[in-house]
Amino acid sequence: MNRAELVMRRRNVLAFIQADPAKIELVRAGEVSKTAAGGKVRSAGTSLAPQLGRIIPPKRRFDNGLVNSEAGSIPHSQWLLLGTHRFNGMVDDQFRWLGQNYRITAIHPTRTESFLATIDFTGPDNE
């Protein structure tokens, strides 16, 4: 892809994000270390600066988004997070959007014009 096409694709991604933006503040999990007793402890996570992205709902029009299990129906749908090419996100980063918690599960590795990741809904805060 030549430079002009890349610039145009990045402009299109930015316009798509600005049409329905979501301000996302990622929390990156801390490092895992071993204790003297041999257990594992995770240090406190760090919050990144707020970034602009867009949350895209699943496209499964012919599926109700539920998985049947022994305990009943469990909602299962993959949402997408789209950001500009400078979006700073990693797998297992967590964020909050509209009062619900989400986690980045996978990142599309070969995109040069944008950041595209699948996110998993982890539910509201456990109170």
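How many helices and strands are there in the protein chain? There are one helix and 12 strands. This is a predicted model, in which local features need pLDDT of at least 70, side-chain atom pairs count only at pLDDT 80 or more, and totals for chains, interfaces and linings use all residues. Residues are numbered from 1 along each chain as its sequence is written, and side-chain values use heavy atoms, with hydrogens and water left out.

**View 1. The whole protein chain.** From the N terminus on, the elements run α-β-β-β-β-β-β-β-β-β-β-β-β. Helices (H or I, at least four residues) and strands (E, at least two) are DSSP runs, numbered from the N terminus. The chain has 127 residues, and buried ones make up 26% of them. Buried means under 20% relative accessible area, exposed over 50%, and partly exposed in between (1.4 Å probe, protein chains only). The accessible surface comes to about 9,100 Å². Carbon and sulfur atoms hold 52% of that surface. Areas come from the Shrake-Rupley method with a 1.4 Å probe; for residues, only the protein chains shown count as cover.

**View 2. Glu113 in its loop.** Glu113 sits between strand S11 (100-107) and strand S12 (115-123). Glu113 counts as buried because its relative accessibility is 12%. Its side chain makes a polar contact with the side chain of Arg111 (3.3 Å). A polar contact is a pair of N or O atoms within 3.5 Å; within protein, one must be able to donate a hydrogen and the other to accept it, and residues adjacent in sequence count only if both atoms are side-chain atoms. Leaving aside neighbours within four places in sequence, Glu113 is in contact (heavy atoms within 4.5 Å) with Met1, Leu6, Arg9, Arg10, Val13 and His85.

**View 3. Ala22 in strand S1.** Ala22 belongs to strand S1 (residues 22-24). Is Ala22 buried or exposed? Ala22 is buried, because its relative accessible area is 4%. Beyond neighbours within four places in sequence, Ala22 is in contact with Gln51, Leu52, Gly53, Ile55 and Trp97. Ala22 and Pro50 are 28 residues apart in sequence. In space, they are 9.8 Å apart, C-alpha to C-alpha.
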